Amino acid sequence: MSIWQAIILAIVEGLTEFLPVSSTGHMVIASSLMGISAFEFTKMFTVTIQFGAILSVVVLYWKRFINSFDFYKKLLVAVIPALAIGFVLKDFVDAMLERVEVVAVSLLLGGILLIFVDRWFKEKENPVTTPSYRNAFVIGLFQCIAMIPGVSRSASSIIGGLTQRMTRKSAAEFSFFMAVPTMLAAATYTVLTDLLHLEISDILKFNLPKIQAGFGAITAQEWQALAIGNVVAFLVAMAAIKFFVGFLTKYGFKLFGYYRIVVGLVILLLMAMGVEIQLV
């Protein structure tokens with residue numbers, strides 16, 4: 001992977017991670033069009049640049065993160081379903097991640113769903129701005145649907161918020177907040193086990209030789225790509241979040257639904273043309 005390819009993938013990640021369009025689907029298309037092979041580092045790069053995207057949420061909403069301890073308790077309740085189900089179904093989820101057609105179909109079906117979401121959840125009928133613990137848990141269950149490749153984590157959790165009568169803006173923002181512990185846990189686990197080839201016990205016991213070997217296996221160019229990728233993902237994600245909140249509040253989900261359908265059709269078209277598509 002070249003530095004320019006890393007920058008493009010980071011831009012794609014930053015633009016799509018918090019929008020209801022599926023970052024996975026866009027990573028599939030971008031990687032395939034650039035001819036990036038699904039090497040081990042490539043797969044890990046697409047995960048590690050999520051740290052930059054996560055940081056954008058913390059910076060934009062830093063006041064919410066220091067507001068009260070109750071905020072963190074609700075986030076914990078919201079992410080418990082994903083952590084538990086993700087641990088139990090890890091092998092199944094990993095197998096699904098190799099199915100490009102699953103991504104395409106999920107994008108199509110999700111796009112059709114988003115077209116009708118605004119009709120089902122009228123903004124004036126959704127007065128809730130702060131979720132209760134029960135609301136947070138239900139939203140967390142909806143987030144688990146995003147374990148299916150091509151199902152947007154943002155879309156599933158926002159729709160979960162709408163079912164709890166939250167406003168579009170509040171549902172979107174709570175989805176952003178949920179992303180911080182969820183993505184942080186997933187990205188950290190992936191980096192430790194797949195990129196550095198470490199066991200959790202190695203970290204807990206501070207197995208220094210193995211830790212040093214893990215970091216030493218990463219080349220200087222790969223470190224450079226990771227650093228640049230995270231900075232780019234951070235900056236782009238900040239802009240994307242600001243745009244999304246304003247756009248969603250004013251226009252709703254319909255255009256995102258049409259867009260998802262187009263992306264799903266593009267993937268199916270590439271497959272029909274014989275273009276080799278690999279999930280990164």
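## Overall make-up

The protein chain holds 15 helices and zero strands. This is a predicted model. Of the 280 residues in the chain, 51% are buried. The accessible surface of the chain is about 13600 Å². Carbon and sulfur atoms contribute 69% of that surface.

Among contacts in the chain with a separation of 6 or more, 82% link residues 24 or more positions apart.

## Helix 1 against helix 14

Helix 1 spans residues 3–16, and helix 14 spans residues 220–251. Their axes come within 7 Å and cross at roughly 30°. Angles under 35 degrees count as roughly parallel, so helix 1 is roughly parallel to helix 14. The crossing of these two helices is right-handed.

Helix 1 brings I3, A6, I7, A10, I11, E13, G14 and L15 to the contact. Helix 14 supplies Q221, Q224, A225, I228, G229, V232, A233, V236, A237 and A240. By class, this contact of helix 1 with helix 14 has 13 nonpolar, four polar and one charged residues.

## Helix 1 against helix 2

Helix 2 covers residues 23–34. It packs with helix 1 at an angle of about 160°, and the axes are 9 Å apart. Angles over 145 degrees count as roughly antiparallel, so helix 1 is roughly antiparallel to helix 2. Here, too, the crossing is right-handed.

From helix 1, the contact uses Q5, I8, L9, V12, E13 and T16. Facing them in helix 2 are S23, H26, M27, A30, S31 and M34. The class count for helix 1 with helix 2 is six nonpolar, five polar and one charged residues.

Terms used: Residues numbered from 1 in each chain as written. Predicted model: local features only at pLDDT ≥ 70, side-chain atom pairs only at ≥ 80, totals over all residues. Heavy atoms only, no water. Axes fitted to C-alpha atoms, helices over the stretch in contact; angles between N-to-C directions. Helix = DSSP H or I, 4+ residues; strand = E, 2+ residues; numbered from the N terminus. Parallel < 35°, antiparallel > 145°, perpendicular 65-115°, else oblique. Left-handed = near helix turned anticlockwise from the far one by under 90°. Contact = heavy atoms within 4.5 Å. Nonpolar A, V, L, I, M, F, W, Y, C, P; charged D, E, K, R; others polar. Buried < 20%, exposed > 50% of the residue type's maximum accessible area, 1.4 Å probe, protein only. Areas by Shrake-Rupley, 256 points an atom, 1.4 Å probe, with all protein chains shown as cover.
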